[in-house]
Amino acid sequence: MRKRLAAFCSHGGSNFAAIADAAQGGAIPVDVVLMVHNNAYAGAKEKAAARGIATEWVPRKRFADDAAYATHLLEILARHRIDLVALAGFMQRIPPQVVERYAGWMTNIHPALLPLFGGPGFYGMRVHRAVLEAGMKVSGATVHLVDEHYDHGPILMQRAVAIDDCRSPEEIAARVLVEEHRIYPEALGLLAEGRFRLEGARAIRLS
Ligand code: GRF
């Protein structure tokens, strides 16, 4: 059964585009039917329009509290009959009510090898700067299920990249992003096919 997916984006949406292209090209059993963004001018908006995908603009500051924000998000997700939520460069905390509703069916991508260089404060170029400053020779990308903690939850897929020759955070970011675009659609395809079994903190990939 194909899963109906909503992507949540704040900025450019290159991961969203990679997921949508894999889905529309028939590579994964997913229909990308919605893109939710919190910034009015998120570049992801044009990428959604170009692919005929509906969008919803949901700025957090419009809501008095988490409960009202969650109610609105859940109403949108129900209206679009969403099975699977993919956070793709979404810089706003998802309220616990929504995380709970989509437990096991909400994913995030992080541009480092979690649990290294993750958690509050590790976002955008800060992640890659910290990796560079630590003298790491590899970095990479992580797709994980979302739980109530930042950058936490069972890891579905990771891919390492060599960064020995990188001289700037931007260089690392560009190298990692290439792998993000590969593993995010792949992990979502496997999740949609029911090819992970959860065992405590681990997601075991079934063959
Ligand atoms: C990616 O590096 C992603 O891992 C991080 O934010 C960036 C978003 O890029 N969470 P894009 O909007 O998908 O182009």
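## Pockets and domains in a predicted model

The lining of the largest pocket takes at least three residues from each of two domains, domain 1 (1–102) and domain 2 (109–207), whose bounds come from an automatic or database domain assignment. The model is predicted, with local features needing pLDDT of at least 70, side-chain atom pairs counting only at pLDDT 80 or more, and totals for chains, interfaces and linings using all residues. Residues are numbered from 1 along each chain as its sequence is written, and side-chain values use heavy atoms, with hydrogens and water left out.

### Pockets and cavity

On a 1 Å grid over the protein atoms alone, a pocket is an open set of points with protein on both sides within 12 Å along at least five of seven lines, a cavity is a set of points where a 1.4 Å probe fits but cannot get out, and lining residues have an atom within 4 Å of a point. Grid points are joined across faces, edges and corners, and a volume is the space filled by probe spheres set on the points.

| Space | Volume | Lining by class |
|---|---|---|
| Largest pocket | about 950 Å³ | 19 nonpolar, 16 polar, 5 charged |
| Second largest pocket | about 160 Å³ | 5 nonpolar, 3 polar, 1 charged |
| Largest cavity | about 30 Å³ | 7 nonpolar, 1 polar, no charged |

In these classes Ala, Val, Leu, Ile, Met, Phe, Trp, Tyr, Cys and Pro count as nonpolar, Asp, Glu, Lys and Arg as charged, and the others, Gly among them, as polar.

The largest pocket has a volume of about 950 Å³. Of its 40 lining residues, Gly89, Phe90, Met91, Asn108 and Ile109 are the closest to its centre. At least two lining residues come from each of helix H1 (14–24), helix H4 (96–101), strand E5 (106–110), helix H5 (125–133) and helix H6 (169–192), where helices (H or I, at least four residues) and strands (E, at least two) are DSSP runs numbered from the N terminus.

Leu114, Pro115, His144, Asp151, His152, Gly153, Pro154, Ile155 and Ala201 line the second largest pocket. Leucine 114 and proline 115 are joined by a cis peptide bond with omega of about 10°, and proline 115 lies in the loop between E5 and H5. The largest cavity is lined by Ala112, Leu113, Leu116, Phe117, Val131, Met136, Val138 and Ser139.

### Between the domains

The C-alpha centres of domain 1 and domain 2 are 19 Å apart, and 17 residues of domain 1 are in contact with 17 residues of domain 2, contact meaning heavy atoms within 4.5 Å. Between them the two domains bury about 1300 Å², 74% of it on carbon and sulfur atoms. In domain 1, Asn15, Leu87 and Val99 lose the most area to domain 2, together 31% of what that side buries. Buried area here is the accessible area (1.4 Å probe) that two parts lose on being put together, summed over both.

### Salt bridges and a positive phi

A salt bridge is a side-chain nitrogen of Lys or Arg within 4 Å of a carboxyl oxygen of Asp or Glu; by this rule the count comes to 12, whereas the count between domain 1 and domain 2 is 0. One of the salt bridges pairs the side chains of arginine 79 and glutamate 75 (2.9 Å, N to O), which both lie in helix H3, 4 residues apart, about one turn of the helix.

Arginine 81, in the loop between helix H3 (66–79) and strand E4 (84–87), has a phi near 50°, a positive value in a residue other than glycine. Most residues other than glycine have a negative phi, and most peptide bonds are trans.
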